[in-house]
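The sequence and the structure come before the description.

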Amino acid sequence: MWIIRLALKRPYTFVVAALLLLLVTPFVLLRTPTDVLPEINIPVVSIIWNFTGLSAKDIEQRMVYTEERVLTTTVNDIQHIESTSYDGIGIIKVFFQPTVTISTAVAQITAVSQTILRQLPPGTTPPLIIQYSASDVPVLQYGVGGDGISEQQAADIALNQLRVGLITVPGIAIPYPYGGKQRLVSIDLDLRKLQEKNLTQSDVTSAINAQALVFPSGTVKLGLKQYQVDVNTFPLRIDSLNELPIKTVDGATIRVRDVAQVRDGYDPQTNIVRQDGVRSVLMVLLKNGSASTLSVVAGAKQAMANVLKTVNSAVRVKEFSDQSVFVRAAISGVVREGVIAGALTALMILLFLGSWRSTIVVAISIPLSVLASLAVLSALGETINLMTLGGLALAVGILVDDATVTIENIERHMGLGEKLEDAILKGAGEIALPALVSTFCICIVFIPMFFLSGVAHYLFVPFAEAVVFAVIASYVLSRTLVPTLVMWFERHNQKSKKDGHVTFWVRPFVALQHAFERGFDRFRSSYRGLLAQSSITVGFSPWPFSPSAPAPGFLYHFSGRTFFRQWTRAHFDCMCAPLRERVLKKRPTLSTRWKPR
């Protein structure tokens, strides 16, 4: 075969290529995102309309219905639309086709939402448009509180200091914090006094809007100097709002304090967070799309350490729900099992072939095939996750075949007395076509996975790609690098065989391998006799357990069916509180439990 002949003529080319792959791939992997599962890119855009005081029925009929009809006529590649209406809030979820350009879809939704504002109830503000995917998951949580820190202060610090400092981390998304009190300056009207003064609520509102204004400023030039002129009628103190005049009746001025009370308060709370029994604030950090969970968590921790230097020393920020712990554990577990599988495979080759040189060649080809597959996956934009690593762990048992069969056939030709290079050319060339057919047969098994749709497509395509790329790389290496290494190793081995010299440290392994071969020969002889006996014995069944063969078919109907197997590691148990309270209690086992109060 021409490629084998080329490898023998230019061995350094393929050795240097293998070394380049070995050295460059780790740097590529460091830049590849790492996560538990592949990116599940189901394009969804949410449109959130907000109109305080409007009932759910009016939200649906006067806002959501209009938006849905306009979306179907002006936005492309819509798969389906879901909507939910609440009192004061309408949520529309637009699901798109997998081939959509999501940036174009968001631009179209934004444009059409601005266009229909005049058709909606007066005073309607533009909607909040959010694009997210199934890969946007919480990766880290922080509890914000402290001695002497009120709920209002904790919410202000979390929203205006911590959140601003963390948002610069690449791949992170931080929603509004949970819990706390949002500051609000409110005017409490006394209805009895309003009636006595013959005033209405709109009179108070109009008076405040007319006097609490910031006008455009200008400049004035006096002599050689120019001064900035500020025209600001907005009160600088909250108490000053009480002095604003509302109306003058018979020379008497009615002020805000006569019919109302101005106070520094907060919005009514819709959720409460408790940490160790004390009210606090919860910050949830999300991972965007294909960003690496490990890099996002590491960047968030580093940014949080820097932000905490700028806040009040009394503020205490507790970290919990770190998903990078589970990601590292899952990835390291798969890698460890893959290494064990490779080591056991090398041990079996050593026992059966009886040559440590052949074992080294096979042991080199397996990791190189895995690295080549990882490099191609990274170039295609895939992440390092359980599916890709699981595919590579599965492929380890397949990868050993190409190199092992090549080496065994070369050894057979060398045993017939042929020269080393002729034995390599014939041994590797004879199995080139059968090995190619075998490689295609393995690859074609995974082809149907590329035609899956939905979540299954995003989960199993990386798995199939990992196996296919590794198998193809193994075939290429078995035709190039393996013959080159065999030629280098066997040259020295042939000289040692001619001298009849066996290295001292190799002798125990040689004796062990000979003992294994003798035992395997006895087992093969016994098995051959059993087959011969079964062929001449009438009524003897080679399948003594054949009546139990249909049993798996019956057991299938009693087996559970879930998307993923049950997760048995430490996790967070959540119990919703009836009063919409979030209760967070840190436990030594890293579990957080919501308890009703």
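## Strand pairing around E15

Two strands are said to pair if DSSP finds at least two bridges between them. In this predicted model, strand E14 (residues 272-275) and strand E15 pair in the antiparallel sense over three bridges, and within that pairing Val 273 stands opposite Ser 280 in E15. E14 and E15 form a hairpin with two residues between them, and Asp 276, which lies in the turn, has a positive phi of about 55°.

Strand E5 (residues 137-145) pairs with E15 in the antiparallel sense over seven bridges, with Leu 140 standing opposite Leu 285 of E15. Strand E6 (residues 172-173) is joined to E15 by two bridges and runs antiparallel to it, the bridge partner of Ile 172 being Lys 287 in E15. Strand E7 (residues 178-179) also pairs with E15 in the antiparallel sense over two bridges, and here Tyr 178 has Leu 282 of E15 as its bridge partner.

How many of the ten residues of E15 are buried? Strand E15 (residues 278-287) has seven buried residues out of ten, so the strand is largely enclosed by the rest of the structure; a residue is taken as buried when its relative accessible area is under 20%.

An open sheet is formed by four strands in the order E2-E3-E1-E4, with antiparallel pairing. Strand E2 (78-86) and strand E4 (128-132) stand at the edges with a single partner strand each, so one side of each has no neighbour in the sheet. Direction ignored, neighbouring strands of this sheet are turned against each other by 15° on average.

Within this sheet, E2 and strand E3 (residues 89-96) pair in the antiparallel sense over eight bridges, and Tyr 86 has Ile 89 in E3 as its bridge partner. Helix H3 (residues 56-74) lies across strand E1 (44-50), E2 and E3, and runs at about 165° to E2.

## The crossing of H12 and H13

Two packed helices are described by the angle between their axes and the distance between the axes. For helix H12 (residues 386-415) and helix H13 (residues 420-430), the axes come within 8 Å and cross at roughly 135°. The crossing of H12 and H13 is right-handed.

Which residues of H12 meet H13? On the H12 side they are Thr 406, Asn 409, Ile 410, Arg 412, His 413 and Met 414, and these meet Leu 420, Ala 423, Ile 424, Lys 426, Gly 427, Ala 428 and Glu 430 in H13. Sorted by class, the contact of H12 with H13 contains six nonpolar, four polar and three charged residues.

## The chain as a whole

The secondary structure of the chain comes to 18 helices and 17 strands. Of the 597 residues in the chain, 37% are buried. Among the contacts in the chain with a separation of 6 or more, 73% are accounted for by residues 24 or more positions apart.

Key
Residues numbered from 1 in each chain as written. Predicted model: local features only at pLDDT ≥ 70, side-chain atom pairs only at ≥ 80, totals over all residues. Heavy atoms only, no water. Axes fitted to C-alpha atoms, helices over the stretch in contact; angles between N-to-C directions. Left-handed = near helix turned anticlockwise from the far one by under 90°. Contact = heavy atoms within 4.5 Å. Nonpolar A, V, L, I, M, F, W, Y, C, P; charged D, E, K, R; others polar. Buried < 20%, exposed > 50% of the residue type's maximum accessible area, 1.4 Å probe, protein only.
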